[in-house]
Amino acid sequence: MTVKKLTRRSLIKAGAIAAGISAVPTFYSPVAARTRRTLRIGYLPITDASPLLIAHANGFFKDEGITTELPIRLRSWSTLAESFITGKFDVTHLLLPIPIWMRFKNKAPVKVLAWDHTNGSALTVRADSGINSFSDLGGKQLAVPYWYSMHNIILQMGIKNAGLTPVIQPQKRFLPLHQVNLFILPPPDMPAALAGKKIDGFIVAEPFNALAEMRIQAKIMRFTGDIWKNHPCCVVVMTEKIINEDPIFTQKIINSIVRAQLWIKNNPLNTAQILSKSGGKYLPIAEDVLKRVFTKYDLATYGSPMQPTAIKNSQWNSSRISFQPYPYPSATRFITQEMSNTLMEGDHSFLKTLQPGFAEKDLVDRSFVKNAIALVGGPSMFGDIDLENPWTREEIISL
């Protein structure tokens, strides 16, 4: 493994060269470096939160002149989203469908400023369940972390492609073999429910898939990044109030998070140690489990002829989890469109009239992340990018 130490000075120099600018950007000037605000961060105990947590652990926020409170850990998406929008936190990570729901259903002033990570989730099943593919899910009980989630969207795409019907009903009700019952569980509760045979499988972010593999001998049926190439999952969100009142503060936050994303890509084992319960204690997870999340993605374990075959598209050269901050418009439009085709509880009638193109332009602000990417050396630093067209891409799906 190559470990590259990135200093603030080297980042500024590399970014200036890559961006073709000769002067240091204004947000690094002595005056702009001052901030009166103390940053408050909320997160769930999943590896999706890694960029925010590593930025805190490595002092990247401090390097930008920002005082930071210890990040606050919550257990469910509902609690995190509510705490964020009521002002308890200045920045957090949310599954991309959640801010779409918050902004266009609830009129919440939320903005997506960057992708937090790509891939990083899987569909995990009990080893004795007999499930090897989507076509084996008929008559099964599956947990998802939230109705407005990438997980719910991708899972239902696979279920319907296999000729099955997703339903939402009480678990005790009779379930025909052509139906798959879905319900919500907080991510930390999923491995225990699987071990107790209360469910047949779950689709969720890491580290709970790796934890189930290593501690209860569960199997990965499919990595989500093998279904949708380098798909977005969690995104970095802030409120319009903070963005408009203090764009310098906002830029510093995004600078720190993008710097952390690049550091994680170059230091996966160190990241696992820092996040672990024996390290920085950001996640209540052992270091060996987190090492699996950040490094274990090989054909000998997950490719054919292994059953289930969790990796079917090895030519994509994907990673179990990766970090690329730029929020491609094509992905947001695709997610918005697919949300209208996905079964959910509650009133989601707003999706019938929501135009994907409008949603993307209204929800996402890419200006801050473009500045931050330039500061760390440009888009090429993150890989998985068409360098001739770094700001556009085609969404690739293989069910």
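**Figure 1. Strands β9 and β12 in the predicted model.** Strand β9 (residues 141-144) pairs with strand β12 (residues 201-205) in the parallel sense, and the pairing extends over 2 bridges. This view, like those that follow, is drawn from a predicted model. Leu 142 has Gly 201 of β12 as its bridge partner. In general, the strands of a sheet pair through backbone hydrogen bonds, in either a parallel or an antiparallel manner.

**Figure 2. The open sheet of 6 strands.** The strands follow the order β10-β11-β9-β12-β8-β13, and their pairing is mixed. At the edges stand β10 (165-167) and β13 (219-223); each has a single partner strand, so one side of each is left without a neighbour in the sheet. On average, and with direction ignored, neighbouring strands of this sheet are turned by 30° against each other.

**Figure 3. Helices α7 and α9 on the sheet.** Helix α7 (residues 150-161) packs on the sheet and touches β8 (121-125), β9, β10, β11 (179-184) and β12. The direction of α7 makes about 175° with that of β11. Helix α9 (residues 208-216) also packs on the sheet, where its contacts are with β8, β12 and β13. Between the direction of α9 and that of β12 the angle is about 130°.

**Figure 4. The packing of helix α12 against helix α13.** Helix α12 (residues 268-275) and helix α13 (residues 287-295) pack at an angle of about 145°, and their axes are 8 Å apart. The crossing of α12 past α13 is right-handed. On the α12 side, the contact is made by Pro 268, Leu 269, Thr 271, Ala 272, Gln 273 and Leu 275. Helix α13 contributes Glu 287, Leu 290, Lys 291, Phe 294 and Thr 295. Sorted by class, the residues of this contact comprise 6 nonpolar, 3 polar and 2 charged.

Figure 5. The structure holds 18 salt bridges. One of them joins the side chains of Arg 75 and Asp 189, with a distance of 2.5 Å from N to O. Arg 75 lies in the loop between β4 (72-73) and α5 (77-85), and Asp 189 in the loop between β11 and α8 (190-195), so the pair ties together parts that are 114 residues apart in sequence. Arg 75 is partly exposed, its relative accessible area being 47%. Asp 189 likewise counts as partly exposed, at 30% relative accessibility.

**Figure 6. Further salt bridges.** The side chains of Lys 296 and Asp 298 meet in a salt bridge of 3.0 Å, N to O. Lys 296 is partly exposed, with a relative accessible area of 25%, and Asp 298 is partly exposed at 23%. Glu 395 forms a salt bridge with Arg 393, in which the closest N and O atoms are 2.8 Å apart. In this pair, Glu 395 counts as buried at 15% relative accessibility, whereas Arg 393 is partly exposed at 23%. A network of salt bridges links Arg 126, Asp 128, Lys 197 and Asp 200.

**Figure 7. Strand β6 and its pairing with β14.** In strand β6 (residues 110-115), 6 of the 6 residues are buried, so the strand is largely enclosed by the rest of the structure. Strand β14 (residues 234-239) runs antiparallel to β6 and is joined to it by 5 bridges.

Figure 8. Phe 84 lies in helix α5 and is buried, with a relative accessible area of 0%. Not counting residues up to four places away in sequence, Phe 84 touches Phe 89, Asp 90, Thr 92, Leu 94, Met 102, Val 110, Val 237, Met 238 and Thr 239. Phe 84 and Val 167 are separated by 83 residues in sequence and by 30 Å in space, C-alpha to C-alpha. Thr 79 is also found in helix α5, but Thr 79 counts as partly exposed, at 36% relative accessibility. Thr 79 and Ile 335 are 256 residues apart in sequence, and their C-alpha atoms are 23 Å apart in space.

Methods
Residues are numbered from 1 along each chain as its sequence is written. This is a predicted model: local features need pLDDT of at least 70, side-chain atom pairs count only at pLDDT 80 or more; totals for chains, interfaces and linings use all residues. Side-chain values use heavy atoms; hydrogens and water are left out. Axes are lines fitted to C-alpha atoms, for helices over the stretch in contact, and angles run from 0 to 180 degrees between N-to-C directions. Helices (H or I, at least four residues) and strands (E, at least two) are DSSP runs, numbered from the N terminus. A crossing is left-handed if the near helix is turned anticlockwise from the far one by less than a right angle, and right-handed if clockwise. Contact means heavy atoms within 4.5 Å. Ala, Val, Leu, Ile, Met, Phe, Trp, Tyr, Cys and Pro count as nonpolar, Asp, Glu, Lys and Arg as charged, and the others, Gly among them, as polar. Two strands pair if DSSP finds at least two bridges between them. A salt bridge is a side-chain nitrogen of Lys or Arg within 4 Å of a carboxyl oxygen of Asp or Glu. Buried means under 20% relative accessible area, exposed over 50%, partly exposed in between (1.4 Å probe, protein chains only).
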